[in-house]
Structure formats: C-alpha cells, structure tokens
Amino acid sequence: MDYIAHTPMQLGKVLRGQRKTINASQRDVGAAVGLLPKTISKLELDPETATLESLFKLLSALQLELVVRSRPQEAPHREW
C-alpha cells in the first residue's frame with residue numbers, strides 16, 4: 001500500500017501505523033536494526049528531530065521504502 005506524507009508528523013503517523021500493522025513493539029523493530037526504543041518513539045512522535053540514518057533504519061525494519069517523486073500539477077484555477 002502507498003502512503004503519502006507531506007509533513008514530518010504525517011510521516012511519523014505512517015511509521016507508527018505500519019509498526020502496529022505488523023504487530024511489533026518499538027523494542028522489536030529497534031532491535032532488528034540497532035535502534036533504541038526511544039529512537040523509534042522519536043521517529044513516530046517528533047520525526048523532525050530524528051536523523052536520516054535512523055529514519056532509513058526504521059524504514060528497513062518496517063519493510064518500507066522511501067519514494068521521492070514530483071507532485072502532479074494542479075489544474076489552473078478558473079473564474080467563471
């Protein structure tokens with residue numbers, strides 16, 4: 001399934017949701033990739049302060065990948 005996150009907080013919710021979907025604790029996913037549970041918590045609740053390295057480790061533990069793509073162009077606004 002694809003998720004779109006436009007803000008760090010949305011990304012945190014996606015990460016937490018995926019962890020819950022796979023029924024894993026913060027300790028479980030952290031242990032899989034060498035992160036402390038408090039780091040997992042920070043990525044889920046306050047991702048702006050986390051490192052990219054930690055983010056990529058968590059993505060790996062959750063079997064997620066980061067995709068960067070251009071946003072679709074919005075239709076021009078017309079006044080009638």
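Colleague: Is arginine 19 buried or exposed?

Modeller: This is a predicted model, and the assignment rests on computed accessibility. Buried means under 20% relative accessible area. Arginine 19 has a relative accessible area of 6%, so this residue is buried.

Colleague: With which residue does arginine 19 form a salt bridge?

Modeller: The criterion is a side-chain nitrogen of Lys or Arg within 4 Å of a carboxyl oxygen of Asp or Glu. For arginine 19 the closest N and O atoms of the pair are 2.5 Å apart. The pair links distant parts of the chain, helix 1 and helix 3 (residues 37-45), across 25 residues. The partner of arginine 19 is glutamate 44.

Colleague: Is glutamate 44 buried or exposed?

Modeller: The cut-off for a buried residue is under 20% relative accessible area. Glutamate 44 has 5% relative accessibility, and therefore counts as buried.

Colleague: How many salt bridges does the structure hold, and which residue pairs with lysine 57?

Modeller: The structure holds two salt bridges. In the one formed by lysine 57, the closest N and O atoms are 3.6 Å apart. Both residues of this pair lie in helix 4 (residues 52-61), four residues apart, about one turn of the helix. Lysine 57 pairs with glutamate 53.

Colleague: Which residues are in contact with glutamine 18, leaving aside its neighbours within four places in sequence?

Modeller: Glutamine 18 is found in helix 1 (residues 8-21). At 13% relative accessibility, this residue counts as buried. Beyond the excluded neighbours, its contacts are Tyr3, Leu62 and Leu64.

Colleague: What is the radius of gyration of the chain?

Modeller: The chain has four helices and zero strands. For 80 residues the globule rule gives 12 Å, and the value for the chain is well over this, so the chain is more spread out than a compact globule. Along its principal axes, the C-alpha trace spans about 60 × 25 × 15 Å. The radius of gyration is 15 Å.

Colleague: What percentage of the 80 residues is buried?

Modeller: The chain exposes about 6500 Å², of which carbon and sulfur atoms supply 52%. Buried residues make up 25%.

Key. Residues are numbered from 1 along each chain as its sequence is written. This is a predicted model: local features need pLDDT of at least 70, side-chain atom pairs count only at pLDDT 80 or more; totals for chains, interfaces and linings use all residues. Side-chain values use heavy atoms; hydrogens and water are left out. Helices (H or I, at least four residues) and strands (E, at least two) are DSSP runs, numbered from the N terminus. The radius of gyration is taken over C-alpha atoms; the globule rule is 2.2 Å times the number of residues to the power 0.38. Buried means under 20% relative accessible area, exposed over 50%, partly exposed in between (1.4 Å probe, protein chains only). Accessible areas come from the Shrake-Rupley method with a 1.4 Å probe; for residues, only the protein chains shown count as cover. Contact means heavy atoms within 4.5 Å.
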